[in-house]
Amino acid sequence: MLLETWKSADEIVKKEIIKYGIFCKKATECASCEIIIEKIDAINASIEDLSKKFNSEILNGKNKKRLIIGEGNCEIDRQIERALQMMMISEKSLITLNILLEDINLHVIFEVTLTEIQPYKSIWEWTPEEKYNIALKYKETGVYLFKEQRWVDAFYRFSRACKILITLEPIRDLELDKELENNINNLRLVLYNNMAGCQLNRKNYEYTISLCSKVLSKESNNVKALYRRGVAHGRLKDLERAVPDLKNAINLEPHNQTIKEQYLLYNTKLQEANQKFENMVKRMFKT
């Protein structure tokens, strides 16, 4: 029997219908779904690895579970959510995931039945207060993931929160309560800063600099942004940009030992580089 197939454009997710469901509105972000997972198999990893190593909360050995679309906190679960958003109630499908994780080509296959959807309105129907509160919730989850050193998962959560807030632009035209407007603007800066922290830990220094510059264009004395941008410039050996950022950060927080260590490191390197240049110039013009 030939199964009806849907495949994502990036070919990470494939869904093959085993049993057709009842026509309904598909699950969107924040919709609550009840599912049954069966017959899990994995290549290049054990089934236990899916939850213990790759942090899946969906493929964790329990067959029946309820989840909220948009709250997947690892790559496996985010890809499963994509498949669920293409399913109907009572549909049973064979799901295949092909994901590159930690240099492992992970191949996961399982059957899933979507037994229930409690829909949530589409994002364009959310009020500004709802968007702020959901973005704040995503941010808080991202902070937890960041503390767990799950940089990619934390970045995804911060990024998703930021994308929700971007749908409120231009915010001035919404004529919001001043407190809510300030909260939204402040949260956006926190999200940019947190994303920069993730990128710095991932050694994506150019992206770190770009994100920190967005923060500093609005809040020039933001210590975290100055520190992270300074370190990123330093790692790229751009000492003339690294040192001023770190100097400004240490002036704002003179007792911060972490900032002080990085400032001394890159300031010393800058002075050494300047001295070498001066010595070279003296030798060139020596009579």
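Predicted model: local features only at pLDDT ≥ 70, side-chain atom pairs only at ≥ 80, totals over all residues.

Residues are numbered from 1 along each chain as its sequence is written, and side-chain values use heavy atoms, with hydrogens and water left out. Helices (H or I, at least four residues) and strands (E, at least two) are DSSP runs, numbered from the N terminus.

**Stop 1: H3 and H4**

Select residues 128-147 for helix H3 and 151-166 for helix H4; they pack at an angle of about 165°, with axes 8 Å apart. (Axes are lines fitted to C-alpha atoms, for helices over the stretch in contact, and angles run from 0 to 180 degrees between N-to-C directions.) H3 and H4 are therefore roughly antiparallel, a label for angles over 145 degrees, with under 35 counting as roughly parallel, 65 to 115 as roughly perpendicular and the rest as oblique. The crossing of H3 and H4 is left-handed, that is, the near helix is turned anticlockwise from the far one by less than a right angle (clockwise would be right-handed).

Show side chains at the contact (heavy atoms within 4.5 Å): H3 brings residues including Tyr132, Ile134, Tyr138 and Phe146, while H4 brings, among others, Trp151, Phe158 and Ile164. By class, the contact of H3 with H4 has 13 nonpolar, two polar and five charged residues. Here Ala, Val, Leu, Ile, Met, Phe, Trp, Tyr, Cys and Pro count as nonpolar, Asp, Glu, Lys and Arg as charged, and the others, Gly among them, as polar.

**Stop 2: H4 and H5**

The axes of H4 and H5 come within 9 Å and cross at roughly 155°. That makes H4 roughly antiparallel to H5, and H4 passes H5 in a left-handed crossing. Look for Trp151, Phe155 and Phe158 among the H4 residues in this contact, and Leu187, Leu191 and Met195 among those of H5. By class, the contact has 14 nonpolar, four polar and one charged residues.

**Stop 3**

Now pick residues 205-218, helix H6: its 14 residues should span 20 Å at 1.5 Å a residue, and the end C-alpha atoms are 21 Å apart, which agrees. (The expected span is 1.5 Å times one less than the number of residues.) Buried here (under 20% relative accessible area; exposed is over 50%, partly exposed in between; 1.4 Å probe, protein chains only) are Tyr205, Thr208, Ile209, Leu211, Cys212, Val215 and Leu216.

At 9% relative accessibility, His233 counts as buried. Leaving aside its neighbours within four places in sequence, His233 is in contact with Ile209, Asp238, Arg241, Ala242 and Asp245. Zoom back out: 10 of the 13 residues of H7 are buried, so H7 is largely enclosed by the rest of the structure.

**Stop 4**

Go to the loop between H4 and H5 for Pro170. The peptide bond from Glu169 to Pro170 is cis, with omega near -10°. Glu175 lies in the loop between H4 and H5 too; its phi is near 50°, a positive value in a residue other than glycine. At 73% relative accessibility, Glu175 counts as exposed.

Finish at Glu11, in the loop between strand S1 (5-7) and strand S2 (13-19). Glu11 has a positive phi of about 65° although it is not a glycine, and at 52% relative accessibility it counts as exposed.
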